[in-house]
2 protein chains.
Amino acid sequence: MSLKPKRTVAELKELRALTGDENGAQRVAWSDTWLKAREWFTSKLTGLPVEEHYDAAGNHWVTLPGESEKALLIGGHLDSVPNGGWLDGALNVLAGLEILRRVNYERGHDRGHEFRGRPPVTIRLVDWADEEGARFGRSLLGSSAFAGTATIAADRVRTDREGTRMEDALRRCGVEIDRFHEATAEQANAGAYIELHIEQGPVLERMGLPLGVVLGTKGVERHAITFHGQEAHSGSTPMNARRDALAACAKLALEIRAIAGKHPDAVCTMGSVKTFPGIVTAVVGRCEATLDQRDLDAGTLAMMLREARKASERFAAEERCTVDWSRIWQIEPIAFDARMIELCDEAVRETAGRSHRMPSGPLHDAAEVSRAGIPTVMMFVQSLGGISHNKVEDTREEHLELAVRAFDGLASKAIAHLS
Amino acid sequence: MSLKPKRTVAELKELRALTGDENGAQRVAWSDTWLKAREWFTSKLTGLPVEEHYDAAGNHWVTLPGESEKALLIGGHLDSVPNGGWLDGALNVLAGLEILRRVNYERGHDRGHEFRGRPPVTIRLVDWADEEGARFGRSLLGSSAFAGTATIAADRVRTDREGTRMEDALRRCGVEIDRFHEATAEQANAGAYIELHIEQGPVLERMGLPLGVVLGTKGVERHAITFHGQEAHSGSTPMNARRDALAACAKLALEIRAIAGKHPDAVCTMGSVKTFPGIVTAVVGRCEATLDQRDLDAGTLAMMLREARKASERFAAEERCTVDWSRIWQIEPIAFDARMIELCDEAVRETAGRSHRMPSGPLHDAAEVSRAGIPTVMMFVQSLGGISHNKVEDTREEHLELAVRAFDGLASKAIAHLS
């Protein structure tokens, strides 16, 4: 048997033991532990007839040449958030490695088969640099350089908590931010991109399905909202004389659920609320909140933003407060390739019997690759409890093995499609 | 004219210039600036035939002996919060000083009158130590020592932000916490206690009244409330799969207004909300809030607490969260003396034409004095915008003068009552 999904699980555990501690995975990009993980991964390539190099953005490319230069790209990322999980990103890389081994095996290097030469198309596995953005707050760094959407001017001056500049941290790892644009050269001959990832949400588990097909990544509108009322003494200010900024914000915290609820896959989240002065004896004079809204449809996303803004103004008026909005970040919805979605759906059904198509709320490197115009799809495997970015992140081992199998099936279909 | 209310205003400004800066009053108890304020106050006593001393809790007593040892106590506090207002506490002390001067004047030290000897009862002005509790979080410190309600064991180990222990800060000012109980000796012969204070709320201003009579201080129930939900990714967690601790808390933030609204003078305040992890990309897994509830009626207060707790449990259940309560602090409602309230009401009507009776939401030293069984009443003067504990705290000068006049009238009535 050429494909060994159990080996992928064993290697994930090996990586966890090497780069995790009692608090979880510690492979934060540009750290020594991350470099150690990459070194370990390189050691796993021994014996495979691959070319490998790091591009100008620090992405690690492993190429198994095919008859054609046209390439199937397979991506993942070894970096993690601090105290992260053992699967997020690493599963993708190691499943991709298993596919390289399987394809290489089928070249005829096993005992029984005749030598069948190179695969019909080139297969390139990429370990993207700094998907998480955990240290400098800039996620999808390497893949955005690849896609040509990197924002160097804004990013180079970012600093981590210790005040280290992003530019300096990258230089230490041999990456010059000024040469980021050169990473777009890796797009040459790319015919398709596939990525396997844990779902990081509860949908598949709730449906009792091990695997799903990702339709694209949701667009995101992320805003800071500040309600301004009047700080006042909690003991001496009658209820009807108050201008309570928290009350206005509380109304919005509840209303966003109704706004999201009109659309099947939309989500709206108030993740942070801060009260000022924030003491037990004062009516809240200022309340700062964050709002994160996501949907796969750009029109729905825009409508939800309008509705939330209008609601916030209504609530501010009701509480005799005012409200300010400022955009933190946004990204448009990115729909994956229709043909690739079909191939992925077939692969999932052939392996697991049933499939489910769903958008991804979290962003992934696949979004950047898709922005570069490369036909892209992602496959999700069930997450237990929907928890990720945490040491308790987990997926049942039989599901991990099933995922490797289905992902390999998708690779075969993509290779056939590109041939 | 013996009583000079304009002098009180001038002295308040003098004190502000001496102990304030561009951010407001800086007379935090046990600080050098506070000691400077007390020294300045002592200098104002020159020429008055008074005995003065500090008691075991650092309260400053200024006694004008009368024919009877029975004493009218007049209280205030020179200490302020950091960046405080110019009136809170200091008005009381300086209005009391003006009363001492007026009474002394009437002894016959003016040109036209014959010498009339001592006043019929002893008059004692007290500058309470550390009313605000700004540095160590323990308000009404000096007056609680006087009342015998001090909680030495709990208080002595309190520390300020720099880690200085309360015990050491007091010792530096000549106060030994172990001798606090000796301050109860000052209760001897006390026949009544009166205190003038700015309202620190908007009620009198909204009614167009300069002065009011305080019925007592509201009881307070102060709790920390924590909702426990499930932290989850804002992008990958469907709305119906969430256990959003913020949503449960937001419902309570709105419900407490209905709970308070059933009672005319009751207030409920959620002054602080903290979200965890508190990031834009995560559903709130834990939400910590504070609740401050006040009413003059103990039964109402207990009912409001029960209702808030029940509501919190209902909201927690609705959001599939749990909720914990822990009491931060409580004090029972303290009703002032019925006869003293009548005297105060007369004095206000005689001076300002109209009076208004109201409870005090904020606590005052008068509450502790009342707990000691001494017939007590307070008079309020209008606050502009209801703002205090802030450099913009203010009251119209004509209202301050009116207040000194009415407070002096109350003193005369109390003296007559005790004679």
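B:R257 reaches across to chain A and forms a salt bridge with A:E319, with the closest N and O atoms 2.8 Å apart. A salt bridge here is a side-chain nitrogen of Lys or Arg within 4 Å of a carboxyl oxygen of Asp or Glu. Side chains of opposite charge can pair when their charged atoms come close. Across the interface of chain B and chain A, the rule finds 2 salt bridges.

Please keep in mind that this is a predicted model, in which local features need pLDDT of at least 70 and side-chain atom pairs count only at pLDDT 80 or more, while totals for chains, interfaces and linings use all residues. Residues are numbered from 1 along each chain as its sequence is written, chains are lettered from A and ligands numbered from 1 in the order in which they are written, and side-chain values use heavy atoms, with hydrogens and water left out.

**The interface**

Counting contacts as heavy atoms within 4.5 Å, 53 residues of chain B touch 52 residues of chain A. The area buried between the chains is about 4,000 Å², and carbon and sulfur atoms give 60% of that. Buried area is the accessible area (1.4 Å probe) that two parts lose on being put together, summed over both. On the chain B side, B:M239, B:R257 and B:V280 lose the most area to chain A, together 15% of what that side buries.

There are also 12 residue pairs in polar contact between chain B and chain A, both residues at pLDDT 80 or more. A polar contact is a pair of N or O atoms within 3.5 Å; within protein, one must be able to donate a hydrogen and the other to accept it, and residues adjacent in sequence count only if both atoms are side-chain atoms. Among the elements of chain B that give two or more residues to this side are α7 (203-207), α8 (245-261) and β14 (286-295). Helix α8(B) gives the most, with 8 residues. Helices (H or I, at least four residues) and strands (E, at least two) are DSSP runs, numbered from the N terminus.

**How the two copies relate**

The same surface serves both copies, as 98% of the contact residues of chain B recur in chain A.

**Inside chain B**

| Strand | Partner | Sense | Bridges |
|---|---|---|---|
| β5(B), residues 68-76 | β6(B), residues 121-127 | parallel | 7 bridges |
| β5(B) | β7(B), residues 190-198 | parallel | 5 bridges |

B:G76 has B:D127 as its bridge partner in β6(B), and B:A71 stands opposite B:A190 in β7(B).

**Backbone details**

Most residues other than glycine have a negative phi, and most peptide bonds are trans. The peptide bond from B:F276 to B:P277 is cis, with omega near 0 degrees, and B:P277 sits in the loop between β12 and β13 of chain B. In chain A, a cis peptide bond likewise joins A:F276 and A:P277. B:W30 has a positive phi of about 75 degrees although it is not a glycine.

Terms used:
Pairing = 2+ DSSP bridges.
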